[in-house]
Every structure is written in structure tokens, then in C-alpha cells.
Amino acid sequence: ECAPSCQTCDKISFEARCPYDKNEPTFLQNPGDLNSLFERLITFEDYQPKIYSMPNPPSKEGGEDDSIMEGPWVVALENFLTPEECDTLIQLGATEGYARSKDVGKQKFDGTFDSFENQGRTSENAW
């Protein structure tokens with residue numbers, strides 16, 4: 001981290017550290033793109049997608065899955081990682097050390113952000 005007191009480091013400016021080009025195309029450009037993404041995601045049978053909710057779920061008549069609620073897309077990929085990959089991630093987290101998840105706080109003078117513990121957020125992660 002640079003010393004912000006000198007005000008000469010180009011990394012003080014958030015715009016310099018994380019430039020954003022409004023003309024650069026994004027993945028989700030048009031209405032319905034997010035819905036299309038989820039519709040494609042649930043076709044990946046190897047991941048065993050489990051749909052908990054989706055916009056306009058199929059009719060419950062004729063043996064359709066009646067456990068799918070109407071709402072925003074909520075999908076779990078039951079087979080996203082192998083047990084070995086899960087064990088590796090757990091071990092890497094234990095090695096790095098887990099810490100209480102924090103929310104982003106106010107922006108500091110050097111462009112970085114404070115963090116704070118939120119009582120409603122009790123997860124832990126390892127970065």
C-alpha cells in the first residue's frame with residue numbers, strides 16, 4: 001500500500017485502480033439475458049441442478065415438480081465440485097485461516113474502504 005500522504009501515487013484514485021469502461025460490452029446487455037443464463041445453466045445435467053424458484057415455473061399439472069416456487073431464480077448445483085475438490089478448498093481455507101465476514105464501510109482518504117462486522121452476517125471466509 002502506498003503512503004497516501006504524498007498524494008503522488010496513481011493508485012490513490014479508485015478510478016485508476018479499478019477502471020471501468022462504459023463502452024465495453026458486458027455479459028448481460030439486454031432484457032432477458034439473465035433469464036437466458038439460468039435457462040442454460042439448468043441444462044448442465046452433470047452438475048445436477050436443483051431449482052428452488054424461478055420466474056413462471058412450469059405448471060404443476062401432469063407430474064411436474066411442484067416444489068419449484070415462483071420468484072427469482074434460485075438454483076443449487078448439487079454436483080458442482082467433487083468431494084476431493086471440496087476437501088482441498090476446506091484445507092486451503094484452514095491453512096489461510098478463516099475470518100468473520102465483514103461488510104464494506106466508508107471510503108477512506110486513500111480510496112480503500114473500511115470494514116465492519118454486521119450482526120446479521122455470521123459467515124466466515126478465507127481470502
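**Aromatic cluster and strand pairing in a predicted chain**

Phe44, Tyr47 and Phe80 are joined into a cluster by ring pairs, where rings of Phe, Tyr and Trp (its six-membered ring) pair if their centres lie within 6.5 Å. The structure is a predicted model, in which local features need pLDDT of at least 70 and side-chain atom pairs count only at pLDDT 80 or more, while totals for chains, interfaces and linings use all residues. Residues are numbered from 1 along each chain as its sequence is written, and side-chain values use heavy atoms, with hydrogens and water left out.

A pair of aromatic rings is described by the distance of the centres and the angle of the planes. Planes under 30 degrees apart count as stacked, over 60 as edge-to-face and the rest as tilted. By this rule the chain holds three aromatic pairs. Among them, Phe44 and Tyr47 form a tilted pair, with 6.3 Å centre to centre and 55 degrees between the planes. The pair of Tyr47 and Phe80 is tilted because the planes stand at 45 degrees, with the ring centres 5.5 Å apart. This second pair links distant parts of the chain: Tyr47 lies in the loop between helix H2 (33-41) and S1, and Phe80 in the loop between S3 and helix H3 (83-96), 33 residues apart.

Accessibility was classed as buried (under 20% relative accessible area), exposed (over 50%) or partly exposed (in between), with a 1.4 Å probe and protein chains only. Phe44 has a relative accessibility of 33% and therefore counts as partly exposed. Tyr47, at 32%, is partly exposed, and Phe80, at 48%, also falls in the partly exposed class. Over the chain of 127 residues, 11% count as buried.

The chain contains three helices and seven strands. Helices (H or I, at least four residues) and strands (E, at least two) are DSSP runs, numbered from the N terminus. Their order from the N terminus is α-α-β-β-β-α-β-β-β-β. Contacts are defined by heavy atoms within 4.5 Å; of those between residues at least 6 apart in sequence, 41% join residues at least 24 apart.

Two strands pair if DSSP finds at least two bridges between them. Three strands make up an open sheet of order S2-S1-S3 with mixed pairing. Its edge strands, each pairing on one side only, are S2 (69-70) and S3 (74-77). Strand S1 (residues 49-54) pairs with S3 in the antiparallel sense over four bridges, and Ala76 in S3 is the bridge partner of Lys50. The charged end of Lys50 sits over the ring of Tyr52, 5.3 Å from its centre; the criterion is NZ of Lys or CZ of Arg within 6 Å of the ring centre and within 35 degrees of the ring normal.

Strands S5 (residues 103-107) and S6 (residues 113-116) are paired antiparallel over three bridges. They form a hairpin with five residues between them, and Gly111 in the turn has a positive phi of about 90 degrees. Val104 has Ser115 in S6 as bridge partner. Asp114 is located in strand S6 and is partly exposed, with a relative accessible area of 38%. Asp114 and Val104 are ten residues apart along the chain, and their C-alpha atoms are separated by 6.2 Å. Not counting residues up to four places away in sequence, Asp114 touches Asp103, Val104, Gly105, Lys106 and Lys108.
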